[in-house]
Amino acid sequence: MTLRTDPASPPRPPRERLVVVGNGMASLRFLERLTEGAPGLYDVTCIGAEPVAAYNRVLLSSLLGGEVDAAACDFRGLDWYAEHGIRLLTGAPVTAIDRANGLAVVGESHVLPFDRLVLAVGSTPIRLAKPGMDLPGVVTFRDLADVAAIRAAAVAQARAVVIGGGLLGLEAAVGLARLGVGTTLLHVMDRLMERQLDHEAAGLVKRAMEARGVEVLLKADTEAVEGAGRVERLRLADGRVLPADLVVMSVGVRPSLALAQSAGLATGRGIVVDDRMATSDPRIFALGECAEHRGQTYGLVEPAYEQAEVLARHLAGQEARYQGTALATSLKVSGLPVFSAGVVDTPDDAEAIVMRDHGAGLYRKLLVGEGRLIGAVFVGDIGEQGWCKELIRTGAPVSEHIEDIMFGRPAPRSLAA
Amino acid sequence: MTAHAPEQTVRTTCPYCGVGCGVLATPDGQGGAAIAGDPEHPANLGRLCSKGSALGETLSLENRLLHPEVDGERRSWESALGTVAGALRKVAEQHGPDAIAFYLSGQLLTEDYYVANKLAKGFIGTPHVDTNSRLCMSSAVAAHRRAFGSDTVPGCYADLDEADLIVLTGSNAAWCHPILFRRMVDARMKRGTKLVVIDPRRTQTGEEADLFLGIRPGSDTALFSGLLVHLADAGILDARFVADHTAGFEAALDRARLIAPDRAAVAHLTGLSEGEIGAFYDLFARTPRVVTAFSMGVNQSAQGTDKGNAIINCHLATGRIGRPGMGPFSLTGQPNAMGGREVGGLANMLAAHMHFAPEEVDRVRRFWNAPNIITGEGMKAVALFEAIERGKIKALWVMGTNPVVSMPQADRIKAAIAKLDLYVVSEVVRDADTARATGRRTVLLPALAWGEKDGTVTNSERRISRQRRFLKAPGEARADWAALADVGRRLGHGDAFAFTSAAAVFRQHAGLSAFENNGTRDFDIGALAELTDAAYEASRPVQWPLPKRGPAKERLFADGRFYTFDRRARFVPVQAPALAQETSPERPLVLNTGRVRDHWHTMTRTGKSQRLSAHRAVPFVEVHPEDAARFGLADGAIAAVETAHGAAELEVTVTEGVRPGHLFMPMHWSDATASRARVGALVRGATDPVSGQPELKATPAAIRAVAYRARGYLLSRESAAPPPGWWWARAAVAGGWGLLFATRDGSRETAMLMRGLFQGYELAEYADHARGRYRCAVYDGARLVACLAYGAGAARPDWEAAKALFAHDAPEVPERRALLSGRAATQAGPVVCACHGVGLDAISASIAAGAHSVEAVGAACKAGTNCGSCIPEIRKLLPGALARDAA
C-alpha cells in the first residue's frame, strides 16, 4: 500500500474532508466536475482498489484485441490529482466504514476520517454457479488484470469460449478473435443483447460477430467447465462439448454492496440513493454501478457520468437532482454502432417502422404508439439517436417526422446556387 | 478470344422519320455500333436528332424474334414457308385469291415492298395489299393525285432553306422531323424566314413560331379556303399560271367563298381571332417564297385529302410551286413511305405510280409476265381489317408494322385476327403486340432489323438512299424480299421470283418505272435500271425523277406541266370542314393523338434506349387546366380516357398547350410497354372518302380520375412482369428496365410481392406500412438486382435519383441507404437533352452561372448541341430561370 499526499498542499482546517471510495470512471468524472465547480472546497481523498488510477474501462476490449495500447486507456495522470489537491490511494481496498466516528478503514489498519463519503465502488462480475468455474483458465473480463490474464492465455492454437452475449461478452470475444484465438461465444438466450436489441438487430450483430471470426452459439446453456487441474472443455446442457483452453465469464455484474451493507446503509439491488445521490445516511453518497436510484441500477457509463455531474453540483452547493437516465444504449460493438432506447420488442398496439439493409449492416426500427415514439433500435447507423431519446422522453408527436428520424434531418441548404 | 479487327464505317440511312437522314455506322464487332450523322448526306449534312443519335442503343438482340415459329413452336424456314405457301394455296382454292391480304409498312425497304406487291398483285392475284402508310400520308397522296395527276412532292428540302415564309400545318416538326425543323430555324437565322404554325395544340413547334394559330381541330380547310378568297380578292393570283397550267379555279374559289366568305366566317369556323387570321393572310400574300409543310395533323383526318387540296389550291393560285423556296410540302412520317408509294404497295395503286387504267394493267402484266394480274383497287387498311372481321379475308401477311397497336379500333383488330385461317407476321420483335396476336394458324417469320438489312429507302424529297448492312444477320433472320420470293417460287412462279440480291430487285423496280414511260409518269428512275451490283452497293443518295435520258430534277412543275391527261393541274373544290364525330354530353372532349419527341411508333426500337425513354417515361394525356378542374384531375394523377371504342389509363399532364375541351395522348405505348395505353383502341378511324385514311386526331372522349392507392416504380436488371391489376408503363433505364406503376395493393402486399419476385435474393427495405410507404432494394451479394419504391397517394414518384443509383452495378453503403431513403438529390433532374443526357438541374445551373442564351447553355453543359430538338425547352427555361435568379 502506498499513500501519496501532495506536500505542497497545506492543510486547511475549516475544509470538510471528502473521501471517495473507488477510482473508476464514475469516480474520476465526479472528481473532475467537483474540482471544476468548487475547486478547493473540500479536502479530497480518493481510494482505489486497483493498483492504477482510473482508466478507460470501455477500451478494455480494444486493448485485449491489440487495437490500442495500455497508454490509450489512461485518463488522468497522477500529476492531475496532485494539481487538484486530491490525495489518491491506489491498490487500497476500503474494508469498513465507521459511520459513527466518520472513519473509512483502509486495509487492515489505516483509517481516514471523513465529513462526507462517496461510494463509487462499482460492481463485480458474476460467476455462474456451475461446476468447474473456479478452475484455472476461467476468468472474468472486468479490469486490466483480467485483460492481462486473458492475453497470457491467448497463445497460438488456443481455443477460447466466452460465456455471455451481452455487450462485454461480445467485445471480449471480438478481442480474442482479433488475437487469432479460435473463439466461441455462448449465450443462453435466443438472441444477443436481448435487453437492448430485437431479434433482427441481434441477428445483424451476430452476423457482424461472425464476420469478425467469432462463432456464436445461441440458447447455449453452460452446464459445467471441466478439466484436470485446468480448463480443458466446456459442457453444454444439451450435451455438446466444446474444447477450451480459456473460458471468459461475462454473464453480468452485481453491484458491490458488501461495504455498504456492513455499514448498515439501505441497499436493494444496489446502494439505495435519492435524487441527490445521498444514501440512507445523508453524509454518505453513492454513484455509478453500485448505486440504485428509483429502483434502477445501471451498468453503463453514461448514467454514471450523469450521476457524477449531479453529485458534484450538489456537493458544490448547487441545486441538482438526478432524474434517472432514459433507458438508452448507444455503443459500438467492435466498431459497429448500436443504439437502443425505450421499448425494444414491438408491442401489439404499436406500429413498427423499419429500415433494413443487412448487406450494408444497417437496421433501424422505430416503434410508434399513439403517434409518439416509444422505442428505437438502430444498428450500423445511429444517426438522430439524440433526437430519439428526446422524443421518447418528451412524448412529442412524431407522425410528421418519421422519415426525418429514420434517414436524418436534411442538412440546412444554402440558398445560393 | 481473338481481337476484333477494326470495322469499316458504313454509310446508311436512319430508319425513323421521312426526313431520311444519312447515318455513319461504325460497328464495334460486338453487335453494336457507333452512330454519327453523315456530313455528306444532303438531307441532314451531318446532323442527327435524339432518336437517330441513339440508334446504337437499339441494336441489342433482347426481345428479338430469331427463328421461324408456327403456332408458337420453333420451325425451320423450310417448314414455316411450306406452311405459308400451302395455306395460301388452300385459301386461294377455297375462297379465291382475294381472300388473301398483305398489310405492309413504311418501314420496309423498297425491295421488300416491291416483291410483296409483285407477289400479291401479279401472281397470287389479290388486290388487297395495303400498308400502314394508309394511316400516315395517304391523304397527301390522294391530294397530290387530284391536283397534279401524280403522287409527286413538287419541292425539295433546299426550299426550306430558301423560303421567306414557312407555314407548318398539322406538323410538330420540332419533335417529329427535328432535322428539317433545324433547317427551318437556320433559315430564320440566315434570312429572317418567318414561321407560322397552325395546330390545335401548342406544340414545341408552336412555341418556336413567329405566329402560332391555335385552330379548332378539323378547321384547316376553312383557314385555307379563306386564304384562297383573300388571295383572289387582294389580287395576289398568278393569273397567267392559273390560265395556262391549271383547271377548275373558278369552281374551287366559289366553293371557298361559300365556306369562308370573309374573315369573320373564318374566325367563326377556326376559333381564331380576325387579327390572327389577317396577320397570316397578309404574310402569305406578300411573301412569294412560301412553303406550306403539312403532316399528320392534315392527313390523319376524315377530310385529309380536302385539307391537302385546300393548301395546294393556294399554291397553284399563286403559281408558287416547283420554284426555289416555294410549294406545298408533305412531310412523311416513315422512312420509306415514299418507297412504298413508288412500288405501288397501296391498295389503290398497281405499281410504279401506275393505277388501273386498262393500258396500265396490261403494261404491268406484260412487264411482270404476270398470270394473275389484278384489274382494280383493293381494300384500304380500315376496310381490309373490317373484311377480316367479317370473314371475307382468310389469310393475312403482316410485315414490319404493329396494327394491333396502331390501327383504329385496335381491340377489334386483335379480335379479327383470331378468325384468320392463316396469320403470317414478318417481324423483328418477338413481344410486339402484333406478334403476340394469333390466328387459327400463326406463322412468325424473323425479319432483319435496321443495320442488318440492305436496300433502299426514299425520303420526303424523293431522295433514294441506301440502307446498308453493317451487322450480321442474327439467328435465322432473313430479308423480307427473300422470304417473299421464296413463297413465290413455292407457289410455282420460279422465274418471276428468281431474285438473288436486293440489287436485282431494285433493277427490276427501276426497269418497271421506266417501262413505256416516255415522260408520261412522274416516277421514272430508268437511269438506275442497269445498275451493276457494285454500283448499287456504292450508290449515293439521288432524287427522282431520274430517267435514262434527260436531266434529273430537284423540283417539278415549275414548267407548269403536270401528269394529268391535259397536263394541267386541278384546283379541287373542297368540302366544308366538319369532324367525323361530334362530341356529346357523355363524351364532351375531343381526343387528339400524336408523337413525343424521343419515341418512334410503337417503341419496339426506341423503347430499348434509356436515353430516349427518359424524356417521357409514361403514357400521358394532356388536359387543359379548365378541364382538369372540371373533371377533378390532378397533374400527375391517373385518369381513364374513354371513347365509344375503347379506353386507356394515362397519367394526367395539365397544360395550357391543349385547348379547353381537348385532350392529347401519345401514340407510342403498346401492351408490351404499358398496361392500357394503346391509342388505336380508342379512335374510331372514320375514313376520308378519297384516301381511305382514318381520322385519328379527333375522337369524342370522356375523362375521369381513377383512384389508385399508391404510386411507385420498380427498377430491375431484367424486365419484370407487372402483377395483374396494376397500372404500369415500362421504360428502358441505364442498367435495366424501369416500371412506373400505380396500384390498389397495399404496401404489405407489395412487400410480399417483392419477396415472391425475388426469391433467394437479399431484400433491403424501408417499411412504414402505417403510412403506406415501402421501398425495397434487392441484392445478389453486392450486386443491385432491383429496387422498388411504393408511396401511398396519387403523387408521381421521382425516380431520377434511384435511376442514377441503379446505373451502378454494386452501390456503396451511402448509395444503398439512398435507395431506401429515396433522398439522394439527383444532380441532373429530369432529362431535357436526350442526346447528351443533360438534365433540367444541370441546364438551370448553367443558366444560373451566367449562360443566358441557348448557345451559352450548350457551351456550358452540351445540352442542345447535337440534334437541337430540346432547344425550345431550353429556351423556355431561360426567362423563367432568370426570373428565379433575380427573385
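Two residues are taken to be in contact if their C-beta atoms, placed from the backbone, lie within 7 Å. On that basis, helix α5 (residues 144-153) of chain A lies across β9 and β16 (246-249) of chain A, and runs at about 145° to β9(A). The model is a predicted one.

**Domains of chain A**

- Chain A is divided into domain 1 (16-124 + 254-315), domain 2 (138-251) and domain 3 (328-416).
- Between domain 1 of chain A and domain 2 of chain A, the C-alpha centres are 30 Å apart.
- Nine residues from domain 1 of chain A and 12 residues from domain 2 of chain A take part in the contact.
- On the side of domain 1 of chain A that touches domain 2 of chain A, five residues are nonpolar, three are polar and one is charged.

**Sheets of chain A**

- Five strands make up an open sheet with parallel pairing, in the order β9-β16-β10-β11-β12 (chain A).
- The edges of this sheet are β9 (138-140) and β12 (214-217) of chain A; each has a single partner strand, so one side of each is left without a neighbour in the sheet.
- On average, and with direction ignored, neighbouring strands of this sheet are turned by 25° against each other.
- Within this sheet, strand β10 (residues 159-163) of chain A and strand β11 (residues 182-186) of chain A run parallel and are joined by five bridges.
- Opposite Val162(A) stands Leu185(A) in β11(A).
- Another open sheet has three strands in the order β18-β20-β21 (chain A), and its pairing is mixed.
- Here β18 (271-273) and β21 (296-297) of chain A are at the edges, each with a single partner strand, so one side of each has no neighbour in the sheet.
- Three bridges link β18(A) in the parallel sense to strand β20 (residues 291-293) of chain A.
- Val273(A) has His293(A) in β20(A) as its bridge partner.

**Contact between chain A and chain B**

- The contact takes 17 residues from chain B and 13 residues from chain A.
- On the side of chain B that touches chain A, β30 (762-768), α29 (813-821) and α30 (840-848) of chain B each supply at least two residues.
- The most is given by β30(B), with six residues.
- By class, the side of chain B that touches chain A has nine nonpolar residues, one polar residue and seven charged residues.
- Strand pairing also links the two chains: strand β24 (residues 351-357) of chain A pairs with β30(B) in the antiparallel sense over three bridges.
- In β30(B), Ala767(B) stands opposite Val354(A).

**Helix pairs of chain B**

- Two packed helices are described by the angle between their axes and the distance between the axes.
- Helix α18 (residues 381-390) of chain B and helix α20 (residues 410-417) of chain B have axes that come within 8 Å and cross at roughly 45°.
- The helices α18(B) and α20(B) are therefore oblique to each other, and their crossing is left-handed.
- From α18(B), Phe385(B), Ile388(B) and Glu389(B) meet Arg412(B), Ile413(B), Ala416(B) and Ile417(B) in α20(B).
- The residues of this contact of α18(B) with α20(B) comprise five nonpolar, no polar and two charged.
- For α30(B) and helix α31 (residues 854-861) of chain B, the axes come within 9 Å and cross at roughly 115°.
- That angle makes α30(B) roughly perpendicular to α31(B), and the crossing of these helices is right-handed.
- Ala842(B), Ile843(B), Ser846(B) and Ile847(B) of α30(B) make the contact with Val857(B), Ala860(B) and Cys861(B) of α31(B).
- The contact of α30(B) with α31(B) has six nonpolar, one polar and no charged residues.

**Backbone features of chain B**

- Most residues other than glycine have a negative phi, and most peptide bonds are trans.
- Trp544(B) and Pro545(B) are joined by a cis peptide bond, with omega about 5°.
- The loop between β19 (542-543) and β20 (569-570) of chain B holds Pro545(B).
- Although Asn369(B) is not a glycine, its phi is positive, at about 55°.
- Asn369(B) is placed in the loop between α17 (358-368) and α18 of chain B.

Notes. Residues are numbered from 1 along each chain as its sequence is written. Chains are lettered from A and ligands numbered from 1 in the order in which they are written. This is a predicted model: local features need pLDDT of at least 70, side-chain atom pairs count only at pLDDT 80 or more; totals for chains, interfaces and linings use all residues. Axes are lines fitted to C-alpha atoms, for helices over the stretch in contact, and angles run from 0 to 180 degrees between N-to-C directions. Helices (H or I, at least four residues) and strands (E, at least two) are DSSP runs, numbered from the N terminus. Angles under 35 degrees count as roughly parallel, over 145 as roughly antiparallel, 65 to 115 as roughly perpendicular and the rest as oblique. A crossing is left-handed if the near helix is turned anticlockwise from the far one by less than a right angle, and right-handed if clockwise. Ala, Val, Leu, Ile, Met, Phe, Trp, Tyr, Cys and Pro count as nonpolar, Asp, Glu, Lys and Arg as charged, and the others, Gly among them, as polar. Domain bounds come from an automatic or database domain assignment. Two strands pair if DSSP finds at least two bridges between them.
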